[in-house]
Amino acid sequence: MNAILPKYSGLRELFSMIVVMERGATPDQIQHMVQRVESLGLKSHVIHGTERTVIAAIGEKRSETKEALASGPGVEDVVPILAPYKVASREVKKEPTQVVVGSLKVGAGAVGIIAGPCSVESEEQILKTAHAVKNAGATALRGGAFKPRTSPYSFQGMKEDGLKLLALAREQTGLAIVTEVMSTEDVELVARYADVLQVGARNMQNYRLLEAVGQARKPVLLKRGPSATMDELLLAAEYILNEGNPDVMLCERGIRTFEAHTRFTLPLASVPYLHHKTHLPIVVDPSHGTGHTYLVPDMAAASIAAGADGLILEVHPDPEQAMSDGYQSLNLPQFVETMAKCRAVAAALGRTI
Ligand code: PEP
Ligand code: MN
């Protein structure tokens, strides 16, 4: 169970500290300090680590708060949380978060492979893909039913009919379903069918949508905006976490740069960087990150080498006929080859897929 902090709103000046308990602090002392934190009008969040327990204390700043906490029984130190994001930060939670939903397990040593078409197009297309990717080792099925398209004249997705086909594919294969939700009014509908709610790159800073998926009690795959900084991505995740939803996966899917040889530029340094800064699992999308099928297998393997906790890959039984993103989709044999490559890299690093 991933614990989370409650929501903070309307704070004038934020007090965000970690109360670090001594190594041998007793349960009574910890309980006492939780009550102290709350009696000072702050929200508390206890994290039991392998070495020691810490209590995150977040709320409105008052001048005497730090001293009041530092003198408590069993307290070793009270230190500020320096990152602009709090709940997502490694400072607050040292242990990596693992997101588990149905067949999909991501983070803390587990590598999840989410594969499937850019868009759900027909029953035959989604079922054929689902069975094939499952046989090749995928642990979740992706497929867009609500599609955010640059042009209003492009295929917009099958909407609820697409969600129904995804549910059918889950029934037949047991694969967890990852699908995008584009607006707050669709969250309830999409959450009825999906196992993981994807927030797309274009919506990373749609804060009302982030709050809505935070309230939806389903794991969220949050994609990095093409021009968002790492801090902005983590603060976007913070919106979801603050609603009480601990199951957030971050997705590096490439950013917009001056370089034009790929659709986006895929900066894989963000994987170890994010692991350093946050306990949340990191998924990489080499399909959108490169925009060319022939680049995807190598960048998928490179993502695993960089420490990714998961991959999201576009796979289509007949990419030439795809209604969206065929040029970056793997066909079924190419997906099998990509899995083999990723497994070899993982094995070399003592990980398993
Ligand atoms: C997608 O996953 O199909 C998609 C639209 O991705 P992104 O939001 O990263 O562009
Ligand atoms: Mn796509």
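Start at helices H7 and H8: H7 passes H8 in a right-handed crossing. The model on your screen is predicted.

**Stop 1: the helix pair**

Select residues 230-242 for H7 and residues 270-277 for H8.

Now show side chains. On the H7 side, pick Met 230, Asp 231, Leu 233 and Leu 234. On the H8 side, pick Ser 270, Tyr 273, Leu 274 and Lys 277. These residues make the contact. Colour them by class: five are nonpolar, one is polar and two are charged.

**Stop 2: the manganese ion**

Select ligand 2, the manganese ion. Which residues coordinate the manganese ion? Display Cys 118, His 288, Glu 314 and Asp 325. The donor atoms are SG of Cys 118, NE2 of His 288, OE of Glu 314 and OD of Asp 325. Distances to the ion run from 2.0 to 2.4 Å.

Next, look at the sequence. The donor residues are spaced C-x169-H-x25-E-x10-D. Zoom in on the pair Glu 314 and Asp 325, which sit eleven residues apart. Glu 314 belongs to strand S14, residues 310-314. Asp 325 lies in the loop between S14 and helix H11, residues 332-348.

The cut-off for buried is under 20%.

**Stop 3**

Most residues other than glycine have a negative phi. The next two selections have positive values.

Select Ala 108 first. Its phi is near 55°. Ala 108 is found in the loop between strand S6 (104-106) and strand S7 (112-116). With 39% relative accessibility, Ala 108 counts as partly exposed.

Then jump to Arg 217. Where is Arg 217 placed? Look in the loop between helix H6 (207-215) and strand S11 (220-223). Phi of Arg 217 is near 60°, again a positive value in a residue other than glycine. Arg 217 counts as exposed, because its relative accessibility is 56% and the cut-off for exposed is over 50%.

Definitions and conventions
Residues are numbered from 1 along each chain as its sequence is written. Chains are lettered from A and ligands numbered from 1 in the order in which they are written. This is a predicted model: local features need pLDDT of at least 70, side-chain atom pairs count only at pLDDT 80 or more; totals for chains, interfaces and linings use all residues. Side-chain values use heavy atoms; hydrogens and water are left out. Donors are N, O and S atoms within 2.8 Å of the metal (3.2 Å for Na, K and Ca); water is not among the atoms, so sites may look incomplete. Helices (H or I, at least four residues) and strands (E, at least two) are DSSP runs, numbered from the N terminus. Axes are lines fitted to C-alpha atoms, for helices over the stretch in contact, and angles run from 0 to 180 degrees between N-to-C directions. A crossing is left-handed if the near helix is turned anticlockwise from the far one by less than a right angle, and right-handed if clockwise. Contact means heavy atoms within 4.5 Å. Ala, Val, Leu, Ile, Met, Phe, Trp, Tyr, Cys and Pro count as nonpolar, Asp, Glu, Lys and Arg as charged, and the others, Gly among them, as polar. Buried means under 20% relative accessible area, exposed over 50%, partly exposed in between (1.4 Å probe, protein chains only).
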